[in-house]
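Student: I've got a model open and want to talk through its packing. Can you take my questions one by one?

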Amino acid sequence: MEFAELIKTPRVDNVVLHRPFYPAVEGTLCLTGHHLILSSRQDNTEELWLLHSNIDSIEKRFVGSLGTIIIKCKDLRIIQLDIPGMEECLNIASSIEALSTLDSITLMYPFFYRPMFEVVEDGWHTFLPEREFKLLSSVTKEWRLSYINKDFSVCPSYPPIVTVPSCIDDEALRKVATFRHGGRFPVLSYYHEKNGMVMIRSSQPLTSTNGRRCKEDEQLINATLGPGKRGYIIDTRSLNVAQQARAKGGGFEQEAHYPQWRRIHKSIERYHILQESLIKLVEACNDQSHNMDRWLSKLEASNWLTHIKEILTTACLAVQCIDREGASVLIHGTEGTDSTLQVTSLAQIILEPRCRTIRGFEALIEREWLQAGHPFQQRCAQSAYSNSKQKWEAPVFFLFLDCVWQILRQFPCSFEFNEHFLIMLFEHSYASQFGTFLGNNESERCKLKLQQKTMSLWSWVNRPSELNKFINPLFEANSLVIWPSVAPQSLQLWEGVFLRWNRSSKYLDEAYDEMINIIEYNKELQAKVNTLRRQLAELETEDGGMQESP
């Protein structure tokens, strides 16, 4: 298929672009295979370059011969294009609809994108499992790398290499995989150096109503415990939902068969409930006519902050078990690809200082989201504005980033990265020129040959010139466990995402840059003051020595 076949009208003159808080811009609208471009000859006017894959929905309106297209994007912005001529407007709208809903992944922009920057680091090989395992093997020999899934035959949603207990052989792993939903047998997520406790994750066991057992599964899970130690199984489903799953062939671990483990149910919502929550919140944020009571009522009705509270509460529970009670933790829901990963990754941010650095956070996303099989292609297919909602769409990763922002806001000096870093990740998870978030798992990415045919997001982000935009000037390394508050009054709406298109982001960016300049100036000033103090102290020492000499 040629993109030209989908573009009915490639160019229209005298198109007017409307955006909130910006003056209207008249220019020429062009459609390419992957971009909508509006170019103006006006001085000091930025061009609009919009990826078709970033378009969530479009609406058409007509007043006489003047047509209007309202484009709603996955990054939550809304833009309006006034197009002269009904036929041109219909052709443009039809072309955008076709180009923004391509079925084939290989037709998406990452396969056509050619970087204009020098690639100094191949992001595809920056966070390999073997490299991450070196850190673990330097402190303990109780874990090993297994290549049992090198051809993705044991578990299609797992990476080729996983970390498992050294005392469990691959044959046992194969048996455990048949006992876990989707073959997702328990693997190591995090090792706590302070006390040797671990966090492992998996999918639900297939116990069914007849109470099916798997001795190899019991051995594997118990192998993560030290002598006389106990563990907690945190199920991210309510007890009722878990029992319903058992009736469908799934289930949960029976404490009689796992006597050293105590099971705790913490309900975290998924799928359409999260998607509806996002839709309600964005709708409330875009309506400027609300009075205070109406706004607060709609914010509460969206339940978005409630979901954040539930996820953070469960993550804090896992941290408490590991750090304060000296117990290992197994975390799973049904598939182990959504709420499970939210909890394991947030728990590591709370526990591990390295995860609060830029590199450490990138490694966390690779390890706990991309390699762990979160289905980005399905979950991020649409955002808050789409009219065609699929049951597998859900802002799971978006919610995780919001949770991270909540912690960052409470501990502004403990993170090396700033809010812009999180917003950038949100945007690229939904629409990007890079191949990092394409596909649903490592198996699909290998079949698509993403490493050979697309550029990694990390290759762009980790260039010094780009990293400067994402560094938090307040950062001071904090080696302690940080405990975020989950009280309702401690959680806030992420204005930087949900309200950024409802106010002048240009002026906010300028204000942020000015703040950075002030902080840098203060640092330089403080350094000069410290130098003067040191020189003064040296002079006083010399004077004192001269006075003491006879």
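Student: Which residues does phenylalanine 400 touch, not counting residues up to four places away in sequence?
Tutor: This is a predicted model, where local features need pLDDT of at least 70, side-chain atom pairs count only at pLDDT 80 or more, and totals for chains, interfaces and linings use all residues. Residues are numbered from 1 along each chain as its sequence is written, and side-chain values use heavy atoms, with hydrogens and water left out. Contact means heavy atoms within 4.5 Å. On that basis, phenylalanine 400 touches Gln342, Ser345, Leu346, Ile349, Phe361, Leu364 and Trp369.

Student: Is lysine 309 buried or partly exposed?
Tutor: Lysine 309 lies in helix α8; helices are DSSP runs (H or I, at least four residues), numbered from the N terminus. Buried means under 20% relative accessible area, exposed over 50%, and partly exposed in between (1.4 Å probe, protein chains only). Lysine 309 has 32% relative accessibility, so the label is partly exposed.

Student: Which residues is lysine 309 in contact with, leaving aside neighbours within four places in sequence?
Tutor: Lysine 309 and alanine 487 are 178 residues apart in sequence, yet 7.8 Å apart in space, C-alpha to C-alpha. The contacts of lysine 309 are Val486, Pro488 and Leu491.

Student: What is the mean pLDDT of the protein?
Tutor: pLDDT is the predictor's confidence in each residue, from 0 to 100. Over residues 504-508 the pLDDT is below 50. Still, 93% of the protein's residues reach 70 or more, and the mean is 92.

Key:
Helix = DSSP H or I, 4+ residues; strand = E, 2+ residues; numbered from the N terminus.
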